[in-house]
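Open the model in your viewer and keep the selection tool at hand. The stops below go one at a time.

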Amino acid sequence: MIAYHDRDGHLCRPYPQYVPNWENLTPYQRGNPFYIKAPDQQQLLPGVKQLLSTYKYNFVVSNQRWHSGEKTIEDVVMEARWLMYQLPLNGFCFCYDSGETAWLLEDADSSPILLSSLYPHLIGTFRKPQAGMVKALQLHYNIPPGTPQILIGDRLTDQACAIAASIDFQWSDIARGYPDPATRN
């Protein structure tokens with residue numbers, strides 16, 4: 001089975017010294033670009049490594065804040081590389097803008113691939129809740145229709161993306177084994 005994972009609030013979070021009240025924030029607030037200032041300020045969430053071990057392929061599909069101007073594409077790539085060194089990920093896909101572009105790191109040491117140049121028909125659909133990132137990964141890795149796939153996340157935009165991509169969805173807290181419906185929005 002192929003799993004697509006959200007990043008913030010599902011795979012990792014900032015270390016408590018950077019955001020001590022993180023547990024009280026909604027998933028929307030947790031996506032704030034000011035929380036992580038350097039790649040090593042991220043902390044893996046409980047249950048993540050075990051969760052990823054249950055899937056044959058694991059990809060990240062992550063909206064990254066773009067309107068603040070505080071986080072550059074290079075910052076996102078450094079954070080993605082840190083996460084890829086920690087976890088068995090087959091790729092890290094992110095949208096940095098309003099949905100016009102998506103980038104893919106195939107491994108921690110690769111250069112980012114601009115998916116929107118490879119799949120121009122998906123331009124404008126890369127930002128979740130739209131399914132452009134998932135569809136681009138399906139095309140890029142030749143994933144046949146009918147292949148079991150799931151998107152795991154902590155926000156309604158993740159759930160809507162799964163619906164738009166016609167794949168299964170599971171809430172992050174349930175998937176990681178820490179049920180907490182209060183964190184979903």
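Helices here are DSSP runs of at least four residues, strands are runs of at least two, and both are numbered from the N terminus. With that in mind, select serine 166, which sits in the loop between H6 and E9. Keep in mind that this is a predicted model.

**Stop 1: serine 166**

Look at the backbone. Serine 166 is not a glycine. Most residues other than glycine have a negative phi. Is serine 166 buried or exposed? Serine 166 is exposed, with a relative accessible area of 68%.

**Stop 2: helix H6**

Step back to residues 156-165, which form H6. Color Asp158, Cys161, Ala162 and Ala165: these residues of H6 are buried. Why do they fall on the same side of H6? They cover an arc of only 100 degrees around the axis, so they share one side of the helix.

Now show what covers them. The cover includes helix H5 (132-140), strand E8 (149-153) and strand E9 (168-171).

**Stop 3: strands E8 and E9**

Select both strands. E8 and E9 pair in the parallel sense, over four bridges. Pick isoleucine 152, then find its bridge partner in E9: glutamine 170. Next, trace the chain from E8 through H6 to E9. This β-α-β crossover is right-handed.

**Stop 4: asparagine 142**

Go to the loop between H5 and E8, where asparagine 142 is found. Its phi is near 50 degrees, a positive value in a residue other than glycine. Asparagine 142 counts as exposed, at 64% relative accessibility.

**Stop 5: proline 129**

Move to the loop between helix H4 (115-118) and H5, and select proline 129. What kind of peptide bond joins lysine 128 and proline 129? The bond is cis, with omega about 25 degrees. Most peptide bonds are trans.

**Stop 6: the cysteines**

Finish with sulfur. How many disulfides does the structure hold? The count is zero. Select cysteine 95 and cysteine 93. The closest cysteine sulfur to that of cysteine 95 is in cysteine 93, 8.3 Å away, which is too far for a bond. A disulfide would need the two sulfur atoms within 2.5 Å. Cysteine 95 is buried, at 0% relative accessibility. Last, select cysteine 12: this residue is buried, with a relative accessible area of 1%.

How values were computed
Residues are numbered from 1 along each chain as its sequence is written. This is a predicted model: local features need pLDDT of at least 70, side-chain atom pairs count only at pLDDT 80 or more; totals for chains, interfaces and linings use all residues. Side-chain values use heavy atoms; hydrogens and water are left out. Buried means under 20% relative accessible area, exposed over 50%, partly exposed in between (1.4 Å probe, protein chains only). The arc is that of the directions from the helix axis to the C-beta atoms. Contact means heavy atoms within 4.5 Å. Two strands pair if DSSP finds at least two bridges between them. A crossover is right-handed if, with the strands pointing away from the viewer, the path from the first strand over the helix to the second runs clockwise.
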